[in-house]
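User: Hi! I'm new to reading protein structures. Could you walk me through this one?

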Amino acid sequence: MVRAGTPLEEVERVLAGEGQRLAFEPMDHRVLLGDSGVPTIGGVVASNVSGPRRVQAGACRDSLIGVRFVDGRGAVIRNGGRVMKNVTGYDLVKLMAGSRGTLGVLSEVAFKLLPVPESVATVTLHGAEGARAFEAMTRAMKSPFGVSGAAWLPGTGEVHLRLEGFAGSVAYRAGRLRALLAGPGEVTVETGAEANARLWRAIRDVEALAGHAFVWRVSMAPGAMRAGLRADLDRTARFDRVVDWAGGLCWIGMTEAQAADYVPRFGAADAVAGAIRFHRDLQAEMADPELGGGHATLVKGPEALRAAVPVFQPEPAPLAALARGLRAQFDPRGILNPGLMG
Amino acid sequence: MDMPVPNAAVIAKKEHVVARLAEVLPESAVIQDPAETRAYECDALAAYRCPPMAAVLPGSTAEVAAVLRICHEEGVPVVPRGSGTSLAGGAMPTADSVILGVARLNRVLEVDYDNRIIRVEAGRTNLSVTGAVEAEGFFYAPDPSSQLACAIAGNIAMNSGGAHCLKYGVTTNNLLGVTLVAMDGTVVEIGGAYMDAGGYDWLGVICGSEGQLGVVTEATLRILPRPEGARPVLMGFDSSEVAGACVADIIKAGVLPVAIEFMDRPCIRATEAFAGAGYPDCEALLIVEVEGSPAEIDEQLGLIKQIARRHDPVELRESGSEAESAAIWKGRKSAFGAMGQLGDYMCLDGTIPVSALPHVLRRIGEMSAEFGLGVANVFHAGDGNMHPLILFDANTPGDLERCEAFGAAILKLCVEVGGCLTGEHGVGIEKRDLMGVQFDPVDLEAQMRVKDVFDPGWLLNPAKVFPLEASAGRRAGQVAFRPLLPCGQFTPEDIWSQKKHDETGDGDRAGRGGGGCGGAVAHSGRGHAAGGSPGRGRGAVGGAAVGGGALRAGRADAGGARGHAAGRGRAGAGR
């Protein structure tokens, strides 16, 4: 249980001293956004920030078990508590996770924790492109070997699969996973604690796209992601990617040159105009029920872009109406992050 | 137990409402004959009953939407119902309500192993979700003990858990999408085969909202690959507190067992007499199960046994074969049935921090002496979700009241040590009036404001979850309430004559306005014995399944298949 303004680093340091950790592995946005400031635990909750371990241990919202917040009327509200299993009343804990301060200001948050495992290993498949990369991640996730991270870095052509637990168990599973991935491409196993920490921090913080001017975060079914973005196929967009969550999460980065190049036949003269066009195409694709749904959020981009597009994926009309109703209840005067989240 | 006075204006237009419902549903899907609506008069909290005005069994999302649109226009309260296995009265009707049963919505719509999801209609039973994917080596993790009978719709409404949730989470952690029909008939698609919400976490707030925000007709669920193997170890201790301390140490050590189950002496003895599982005669025992390859299991169990030895176990028995594993689980799985043999019991569901287990177990023992009622403990210890079973005799005047007071005292203790009133059963009507123990008025107000957004007229499953005083202003036209005697709508004369009937020694306590009523009358969607659902005692629903109490199969919960009243036998579950 922690005050919301506590720096994330302090929380993680205290927990590490007890051999515990936040299972959901929150990213540090400073790397990607190139800004400074101190990430707080409340900010992590308000954005439901979850890293590579999402595929095994769940998101921030799954570890969050209690909140205290002050709503737009000034009411101090408690929900959830200190226990893992709790169905007493409505689950406003989940509602607050990811609501980005639009329903209330978080003052306290409580998490369930998991112990830091004794050992970690990463099984890496080299030289993997598109179909092979997705196939490897899918095969790993369908196995009973408890993969706690599955990412593909198209830039290096590497698929990384993480295993955590007791040393003997990790070694056994690494062997089984290695055999499972047999096929085109070399498979290696990294067991060094430092090397593993570095690798998964880089994936978590999307370091590969730190130099890109525009970055989007896309959540889709891995199968849909595998089929390729329509914006990519139809219009030959150029962008770079980091693929996490076994294909369920795709970070898309565009440099200014790549954005300016997007669909020149639509007359996109400059980078921002290209990014606007791409953003709209991306969100339209997420809204297409044929593709199974998903959402795309603009994470990084200049003010000119942010002002021109809905940063968050627009919701279907009935949900948008519910969202308005919710905000009217918790923030009748519209003082909490007005304009954010639609 | 108070319930709102039924809205006479609604009851007066029953014929009109039923006629309108019949226009949008097949004939067999509208039930309005009082003899037949009685099949829906209660759920597994069988002590409290009230037949609904009508019941409908729509077969598609469109039909659900049509039903809700009509009820919304007519101002008729709607009580959604899965399989009716709620132990908290979550599906109990009011006399002016329409029961909306989703049992006909039971198809598998899509299985996608590459994306590791299954999409089902919400009336599908929990166990049959796993049944649909197990041939490919997958399973659906949440496993409430009523899983043979309970519906995914009810699991979502109550955010159900089970024995495996220590490792795999509860329903909300395994739910990716729903089709929700709002009270006004609007169909909303939320989530899907992808992870996490782009906007507000609608799934998070719908899950566990006890059917008060909308009717879920379809669900996308996460499925997981089966582990390579699993093996339990049985440990006996000479005090409940020591066993509790051992649980806390295991959790801290970094092992993640898939289950840690706890039983105390009264429960062990009852179970031994009933099932003969070969348990040691000791104060408390734990069953700890881990998963993985044989070598991984050896490693984990080695550590667990090492921890256990520090607490001087009187027994430490690791399973050496499938047969031994089955024997270890046999007693635990028949515990509720065995308790039903001892008499009437009330099953509680509070959760506490694991570190508070020794203290709480000691206090429960002390309170047992204070209240003069026996208590047996059998529960999921790993996540602190306790199920104390308070033993009482429904035939002894005042026993039920003492039992309820004891139960309330235990739940207050749970809240006091940092826990909560209910870990997996839900609030329903059962714990509604205790909500003030855990929440300040402003906390409840915040929750009710969420309902205002989804269901401004408070027509969906009204009079549940929130104390009636707290929600009175919102339930327009339903502000008055009167005591709901156990067995609901019987007139005082009925109850009196029923009492007389009992006193003649006939033994049929069903229908009596007291604790004995209906304890052994279990509803079941498909004629399963309440799905083996451990009941709130009162003659023990679980006991009804096992001990020969009466079982009444509700009509047509199972997609129109007609079960029939099996009659009411002697209550008390085979006492």
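Predicted model: local features only at pLDDT ≥ 70, side-chain atom pairs only at ≥ 80, totals over all residues.

User: How far apart do the C-alpha centres of domain 1 of chain A and domain 3 of chain A lie?

Analyst: Those two centres lie 28 Å apart. Residues are numbered from 1 along each chain as its sequence is written, while chains are lettered from A and ligands numbered from 1 in the order in which they are written.

User: Thanks! And where does each domain of chain A run?

Analyst: The assignment gives domain 1 as 2-115, domain 2 as 119-204 and domain 3 as 207-308. Such bounds come from an automatic or database domain assignment.

User: How many residues of domain 1 of chain A are in contact with domain 3 of chain A?

Analyst: Seven residues of domain 1 of chain A are in contact with nine residues of domain 3 of chain A. Two residues are in contact if their C-beta atoms, placed from the backbone, lie within 7 Å.

User: Which element gives the largest share of that side of domain 1?

Analyst: That is H2(A), with three residues. Helices (H or I, at least four residues) and strands (E, at least two) are DSSP runs, numbered from the N terminus.

User: What classes do the residues on that side of domain 1 divide into?

Analyst: Five are nonpolar, one is polar and one is charged. Here Ala, Val, Leu, Ile, Met, Phe, Trp, Tyr, Cys and Pro count as nonpolar, Asp, Glu, Lys and Arg as charged, and the others, Gly among them, as polar.

User: OK, zooming out: what is the radius of gyration of chain A?

Analyst: It is 21 Å, close to the 20 Å that the globule rule gives for 342 residues, so chain A is as compact as a globular protein of that length. The radius is taken over C-alpha atoms, and the rule is 2.2 Å times the number of residues to the power 0.38. Chain A has 15 helices and 14 strands, and its C-alpha trace spans about 60 × 60 × 35 Å along its principal axes.

User: How many residues of chain A are in contact with chain B?

Analyst: On the chain A side there are 66, in contact with 71 residues of chain B. Helix H15 (residues 317-330) of chain A gives the most to the chain A side, with eight residues. By class, that side has 30 nonpolar, 25 polar and 11 charged residues.

User: What about chain B: how many helices and strands are there?

Analyst: Chain B has 20 helices and 22 strands.

User: How many residues of H13(B) are buried?

Analyst: Eight of its eight residues, from 335-342, are buried. Among them are Phe336(B), Met339(B) and Leu342(B). Just after that helix, Gly343(B) takes a positive phi of about 150°.

User: And how do S6(B) and S7(B) pair?

Analyst: They pair in the antiparallel sense over four bridges; strands count as paired if DSSP finds at least two bridges between them. Val111(B) has Ile118(B) in S7(B) as its bridge partner. The two strands form a hairpin with four residues between them, and Arg116(B) in the turn has a positive phi of about 55°.

How values were computed
Buried ≥ 20, exposed ≤ 12 C-beta atoms within 10 Å, placed from the backbone.
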